[in-house]
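Here is a friendly walk through one protein chain, with the sequence and model placed just below. Have your viewer ready as you read along.

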Amino acid sequence: MSNKAVSKKKDLNVGIVGYGFMGRTHSNAYLQAPRFFDVAYRPVLKSAETDWRALVARKDIDLIDIASPNDTHAEIAIAAAKAGKMVLCEKPLGRTAEEAKAMVDAVEKANVPNMVWYNYRRVPAVVLLKKLLDEDRFGRIFHYRSQFLQDWTISQDLPQGGEGLWRLDSAVAGSGVTGDLLAHNIDMALWLNGPITEISAMTETFVKQRKHNLTGKVEPVKIDDASAFLCRFQNGSLALFEATRHARGHKALFTLEINGERASAAWDLHDLHRLNYFDHCDEGQLRGWKSVHITDGDHPYMKNWWVPGLQIGYEHTFIHQIADFLVALDGNRTAAPTFRDGLATDYVTDAVLKSAKTKKWEAVPAA
Ligand code: SOE
């Protein structure tokens, strides 16, 4: 891109709340997006404030990006929308659908652009899968299955609460793997395969008490360490979902598979640049699973990166998401997932947690 094109970009003043793991992924994305994508805006990361209220009150901030723990999302998002700011928020949108609904109402009433950071939608291989589904190459869909496996909380000595470990504190996180990991699987599934109608779930807390970092006391653990559910989609397909932080040996194994009448596809995060595809329309004696390396210039997003064959990674999913947001903003359009899309996921996670308690099938409301 020429220097002239770069200098023509309009400044978009961004205030990020939160400077942990997610604050780093977002700030990197704002800086990289205009370098690699033809976007009309140049995000400017404004100077640091220690109080989010002061940030929201600043006249020179166009966009508030919430990358702080889950218990802060609703209050900040609602205040930012009221102040007329664009609002971006880390997943899950709310700790509950009730919280998320209030956030949707606030951004829709204020009519401000909004988006939730479900970053895995922007993996090029997954975007290609979405395109293949939209082209109706799969025919009728029979099955969807998806997992998110980790192993970092197996030790009973790991405390709960405080910086880095708030994900284990239910008051802050809302839930355990259901809101933290399954939410990714669910957002992706709703996007690829449509609405989920009913759910039967089970959850388990393997470590029942942990020392709390903020109180220094051993306290009950109220988050779910593992969560699994069966469900039906509106399109008639059946599905299986599982997330856990107790799958020894797995660090961040997000998988998905979809089986249709004419084709199947599978993808996983540890091999994120490959899409495995089976096409039943292929010639019989050569029919089989193909592992397609998604690094060519005609693959989604890839012409903006290196040369064919060279891979990109995790951080690029955030760069793609903000690039899409900036392109949409310039065209007066919305970039998905919006807060309303985030609410749809929260309705599903609420139903999962409810079904695990009632031990009954639970219906999922439409967002
Ligand atoms: C949890 O370990 C975590 O960091 C999630 O919070 C993220 O959303 C996921 O992408 C990776 O795992």
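R232 sits in strand β10, which covers residues 226-233. The model is a predicted one. If neighbours within four places in sequence are set aside, R232 is in contact with I196, T197, E198, S237 and L238. R58 is 174 residues away from R232 along the chain, and the C-alpha atoms of the two are separated by 46 Å.

Next, have a look at helix α2. Its 16 residues, 21-36, should span 22 Å at 1.5 Å a residue, and the end C-alpha atoms are 23 Å apart, so the two values agree. The helix has a kink of about 25° at Y30, shortly before the proline P34. Both Y30 and P34 are among the buried residues of α2, together with M22, G23, T25, H26, A29 and A33. What do these buried residues of α2 pack against? Their partners are the strands β1 (10-17), β2 (41-45), β3 (63-66), β4 (86-90) and β5 (114-117), along with helix α9 (314-330).

Now for the nonpolar cores, set side by side here.

| Core | Size | Some of its residues |
|---|---|---|
| Largest | 72 residues | F138, Y144, I199, F229, W267 and F339 |
| Second, separate | 29 residues | M22, A67, W305 and F325 |

The residues shown for the largest core are those with the most contacts inside it. Helix α8 (residues 177-193) contributes the largest share of this core, with nine residues. The second core includes M22, which is also one of the buried residues of α2.

Beyond its neighbours within four places in sequence, I199 is in contact with F229, L230, C231, V348, A351, V352, S355, K360, W361, E362 and V364. F229 is listed with I199 among the residues with the most contacts in the largest core.

Finally, a pocket to explore. The second largest pocket holds about 300 Å³ of space. Of the 18 residues that line this pocket, L190, P195, A344, A366 and A367 lie nearest its centre. Which elements each supply at least two residues of the lining? They are α8, β7 (196-204) and α10 (339-358), and α10 gives the most, with five residues.

Definitions and conventions
Residues are numbered from 1 along each chain as its sequence is written. This is a predicted model: local features need pLDDT of at least 70, side-chain atom pairs count only at pLDDT 80 or more; totals for chains, interfaces and linings use all residues. Side-chain values use heavy atoms; hydrogens and water are left out. Helices (H or I, at least four residues) and strands (E, at least two) are DSSP runs, numbered from the N terminus. The expected span of a helix is 1.5 Å times one less than its number of residues. The bend at a residue is the angle between axes fitted to the seven residues ending there and the seven starting there. Buried means under 20% relative accessible area, exposed over 50%, partly exposed in between (1.4 Å probe, protein chains only). Contact means heavy atoms within 4.5 Å. A nonpolar core is a set of buried Ala, Val, Leu, Ile, Met, Phe, Trp, Tyr and Cys residues joined through side-chain atoms within 4.5 Å. On a 1 Å grid over the protein atoms alone, a cavity is a set of points where a 1.4 Å probe fits but cannot get out, and a pocket is an open set with protein on both sides within 12 Å along at least five of seven lines; lining residues have an atom within 4 Å of a point. Grid points are joined across faces, edges and corners, and a volume is the space filled by probe spheres set on the points.
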